[in-house]
Amino acid sequence: GAVMLALFILLGLGLSYSLVATGITGALFPAQAHGSLLRDDTRVVGSALVAQPFADARYFQPRPSAAKYDPSAAAGSNQARSNPDLQSRIAATRAEVAARDGIAPEAVPAELITQSGSGLDPHLSPAGAQVQVRRVAAARGWPEQRVAALVRAATEQPQFGLLGQPRVNVLALNLALDRAGNGESGIGNGPRQQH
């Protein structure tokens, strides 16, 4: 009797519930159930939920990652604000971003020099994207207004109008850049992306 009850609970309730819940969520939220994948035509280039680095100046850069953009190693740096190593890294990153984007060091948004808690935050604030517009436009040979318009179009508003802040998904913005250009995507190909 006890073994049958245990098997019923394990299989009947444990397995059945999991299968039903997975089936319902997959039917109601298919994109999210499959990882919120972003595609360039038919080719998967990443997930809208996970940041990835871009080495080419033609692309917007995400926040730095303590996990080196590896989802299996997701983590923040866990360094206190008073840690000299953290302060040194922030100063070096601020100088690097300022030089890369041609802006004053004090104009670099904090999100471009600090790591998110997961190390994989796929979003920037509109200000974090805006400071990169000049570099991206110059690298593509486009007017800055054209790139700025793509940033505005890619800016997501707070959820339900009140949860969170306006944000820009870096991978989605970079895909929009490629689509607005010659249609050929460099995302996921060769030297344009760091691994």
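Student: How are H5 and H6 oriented to each other?
Tutor: A word about the source comes first. This is a predicted model, in which local features need pLDDT of at least 70 and side-chain atom pairs count only at pLDDT 80 or more, while totals for chains, interfaces and linings use all residues. Residues are numbered from 1 along each chain as its sequence is written, and side-chain values use heavy atoms, with hydrogens and water left out.
Tutor: In general, axes are lines fitted to C-alpha atoms, for helices over the stretch in contact, and angles run from 0 to 180 degrees between N-to-C directions. Angles under 35 degrees count as roughly parallel, over 145 as roughly antiparallel, 65 to 115 as roughly perpendicular and the rest as oblique. Here, the axes of helix H5 (residues 133-140) and helix H6 (residues 144-154) cross at roughly 125° and come within 8 Å; H5 and H6 are therefore oblique to each other.

Student: In which hand does H5 pass H6?
Tutor: A crossing is left-handed if the near helix is turned anticlockwise from the far one by less than a right angle, and right-handed if clockwise. The crossing of H5 and H6 is right-handed.

Student: At what angle do the axes of H6 and H7 cross?
Tutor: Helix H7 (residues 170-180) and H6 have axes that cross at roughly 135° and come within 10 Å. H6 is therefore oblique to H7. H6 also passes H7 in a right-handed crossing.

Student: How many helices and strands does the protein have?
Tutor: Helices (H or I, at least four residues) and strands (E, at least two) are DSSP runs, numbered from the N terminus. The protein has seven helices and five strands. Along the sequence, their pattern reads α-α-β-β-α-β-α-α-α-β-β-α.

Student: How many salt bridges does a search of the whole structure find?
Tutor: A salt bridge is a side-chain nitrogen of Lys or Arg within 4 Å of a carboxyl oxygen of Asp or Glu. The search finds seven. Among them is the pair Asp101 and Arg135, at 2.5 Å from N to O. Asp101 lies in helix H3 (residues 84-101) and Arg135 in helix H5, so this pair ties together parts that are 34 residues apart in sequence.

Student: Are Asp101 and Arg135 buried or exposed?
Tutor: Buried means under 20% relative accessible area, exposed over 50%, and partly exposed in between, with a 1.4 Å probe and protein chains only. Asp101 is buried because its relative accessibility is 2%, and Arg135 is buried at 9%.

Student: What is the case for Glu156 and Arg167?
Tutor: Glu156 and Arg167 form a salt bridge whose closest N and O atoms are 3.5 Å apart. Glu156 lies in strand E4 (residues 155-156) and Arg167 in strand E5 (residues 167-169), so the pair ties together parts that are eleven residues apart in sequence. Glu156 counts as partly exposed at 30% relative accessibility, and Arg167 is partly exposed at 21%. Elsewhere, salt bridges that share partners join Arg100, Asp101 and Arg135 into one network.

Student: Which residues form a nonpolar patch on the surface?
Tutor: Patches are made of residues with over 30% relative accessible area and no salt bridge; like charges are joined within 9 Å, and nonpolar side chains (Val, Leu, Ile, Met, Phe, Trp, Tyr) within 5 Å. Accessible areas come from the Shrake-Rupley method with a 1.4 Å probe, and for residues, only the protein chains shown count as cover. In this model, the patch is formed by Val3, Met4, Leu7, Leu10, Leu11, Leu15 and Leu19, which together have about 730 Å² of accessible area. One of these residues, Leu10, is found in helix H1 (residues 2-28) and counts as exposed at 56% relative accessibility.

Student: Where is Pro122 placed, and how far is Pro122 from Gln52 in space?
Tutor: Pro122 is in the loop between H3 and strand E3 (123-124), and is buried with a relative accessible area of 11%. Pro122 and Gln52 are 70 residues apart in sequence, yet their C-alpha atoms are 7.5 Å apart in space. In strand E3 itself, Leu124 counts as buried at 3% relative accessibility.
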